[in-house]
Amino acid sequence: WWTWGVATAGVLAIVWLSSFKPAEVEAAALPDEPVSFAQVEEIVLGRCSMCHMAEPVWEGIATPPKGVMLDTPERIRLHAKQIYLQAAHTEAMPPGNLTEVTPEERRLIAAWVEAGAKAE
């Protein structure tokens, strides 16, 4: 019977932990000046595109995850909201931060998208 108690406690812990929202990007941490697309493009091409391209160069990845390609300016703009959610808002990407995206780079992406993701 004790296993049922442990299982119930585990489920309750999962439900409780799931109720927390992802860390919000603090307004004070956002840059004072508008973020240019060139800044974001440099970050995405340097940190994301090795996996998110037609033929990924990252070992062990044969196709771009979820079919998302981020290897051109048009594709970066097209997926701006997804980039924001995965890289800036939840920090889920890249997995384990393999490409070492810095907090500053995440703030720049967030500021760019929150400003309307202008193409400039």
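## Helices and a pocket

In helix 5, the buried residues are Glu 105, Arg 106, Leu 108, Ile 109, Ala 110, Ala 111, Trp 112 and Val 113. This is a predicted model. The buried residues of helix 5 pack against helix 2, helix 3 and helix 4.

The length of helix 5 can be checked. Its twelve residues, at 1.5 Å a residue, should span 16 Å. The end C-alpha atoms of helix 5 are 16 Å apart, which agrees. Just after helix 5 comes Gly 116, with a positive phi of about 110°.

Now helix 2. Here Phe 37, Val 40, Ile 43 and Val 44 are buried. They lie on the same side of helix 2, because they cover an arc of only 130° around the axis. An α-helix has 3.6 residues a turn, so residues three or four places apart point the same way. The cover over the buried residues of helix 2 includes helix 3, helix 4 and helix 5.

The helices have these residue ranges:

| Helix | Residues |
|---|---|
| Helix 2 | 37-47 |
| Helix 3 | 73-78 |
| Helix 4 | 80-89 |
| Helix 5 | 103-114 |

Last, the largest pocket. Its volume is about 440 Å³. The pocket is lined by 20 residues. Those nearest its centre are His 52, Pro 65, Leu 70, Gln 86 and Met 93. Which helix gives the largest share of the lining of the largest pocket? Helix 4 does, with four residues. By class, the lining holds 14 nonpolar, four polar and two charged residues.

Key:
Residues numbered from 1 in each chain as written. Predicted model: local features only at pLDDT ≥ 70, side-chain atom pairs only at ≥ 80, totals over all residues. Heavy atoms only, no water. 1 Å grid on protein atoms, 1.4 Å probe; cavity = no way out; pocket = protein on both sides within 12 Å on 5 of 7 lines; lining within 4 Å. Points joined across faces, edges and corners; volume = space filled by probe spheres on them. Helix = DSSP H or I, 4+ residues; strand = E, 2+ residues; numbered from the N terminus. Nonpolar A, V, L, I, M, F, W, Y, C, P; charged D, E, K, R; others polar. Buried < 20%, exposed > 50% of the residue type's maximum accessible area, 1.4 Å probe, protein only. Arc of directions from axis to C-beta. Contact = heavy atoms within 4.5 Å. Expected span 1.5 Å × (residues − 1).
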